[in-house]
Amino acid sequence: MKKYYLKNGEKVTGPFMLDDLKYQRISSTTLVSVDQGPWQEITSVDDLKSILEFAGINTAPKVSSNPPIKSIQQKPSPENQINIPANKKFIVLAVAIAVFMMGLGMAVLLFAELK
């Protein structure tokens with residue numbers, strides 16, 4: 001039968017039999033040594049998957065929190081792009097503001113008439 005040793009921080013406990021591990025304080029950062037072998041993360045020991053599930057510890061392989069992102073930059077297609085020169089953009093903006101102001105002025109006049 002295999003013997004398991006646990007290491008939490010600097011504290012080493014054991015040896016434990018497999019069933020005894022259910023009653024130990026373990027976390028995903030707990031290190032384990034099987035039969036006094038090298039220390040390894042408890043989540044990487046296949047024999048302990050059932051113990052980890054019993055303790056509610058995720059046994060899924062770790063995924064990098066910052067996976068590499070591959071991006072493809074695409075230019076908008078010409079048929080979906082409106083090209084307005086900078087000076088015409090200013091004119092469009094000025095006309096839009098003028099229309100808004102005229103509408104606002106008409107609303108004020110109408111409101112004044114209703115009083």
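Biologist: In which strand is the place of Pro-15?

Modeller: In this predicted model, the elements of the protein run β-β-β-β-α-α from the N terminus on. Within that order, the stretch of residues 11-16 includes the place of Pro-15, and this stretch is strand 2.

Biologist: What kind of peptide bond joins Gly-14 and Pro-15?

Modeller: As a rule, most peptide bonds are trans. For the bond that joins Gly-14 and Pro-15, however, omega is about 5°, and the bond is cis.

Biologist: How many helices and how many strands are there in the protein?

Modeller: Read from the N terminus, the order of the elements is β-β-β-β-α-α, with the place of Pro-15 in strand 2. Counted by kind, the protein has 2 helices and 4 strands.

Biologist: Where is the place of Asp-35, a residue with phi near 50°?

Modeller: Most residues other than glycine have a negative phi. Asp-35 has a positive value, near 50°, and Gln-36 likewise has a positive phi, near 60°. Gln-36 is found in the loop between strand 3 and strand 4, and the place of Asp-35 is in the loop between strand 3 (31-34) and strand 4 (40-41).

Biologist: Which elements each supply at least two residues of the largest nonpolar core?

Modeller: The largest nonpolar core has 13 residues, and those that touch the most other members are Tyr-4, Leu-6, Leu-21, Ile-26, Val-32, Ile-42 and Leu-48. The elements that each supply at least two residues of this core are strand 1 (4-8), strand 3 and helix 1 (49-54).

Biologist: Which residues is Leu-21 in contact with, leaving aside its neighbours within four places in sequence?

Modeller: Leu-21 is among the core residues that touch the most other members. Once its neighbours within four places in sequence are left aside, the residues in contact with Leu-21 are Tyr-4, Leu-6, Phe-16, Leu-48 and Ile-51.

Biologist: What percentage of the residues in the protein are buried?

Modeller: The protein exposes about 9900 Å², of which carbon and sulfur atoms supply 60%. Among contacts between residues at least 6 apart in sequence, 40% join residues at least 24 apart. Of the 115 residues in the protein, the buried ones make up 15%.

Terms used:
Residues numbered from 1 in each chain as written. Predicted model: local features only at pLDDT ≥ 70, side-chain atom pairs only at ≥ 80, totals over all residues. Heavy atoms only, no water. Buried < 20%, exposed > 50% of the residue type's maximum accessible area, 1.4 Å probe, protein only. Contact = heavy atoms within 4.5 Å. Areas by Shrake-Rupley, 256 points an atom, 1.4 Å probe, with all protein chains shown as cover. Core = buried A, V, L, I, M, F, W, Y, C linked by side-chain atoms within 4.5 Å.
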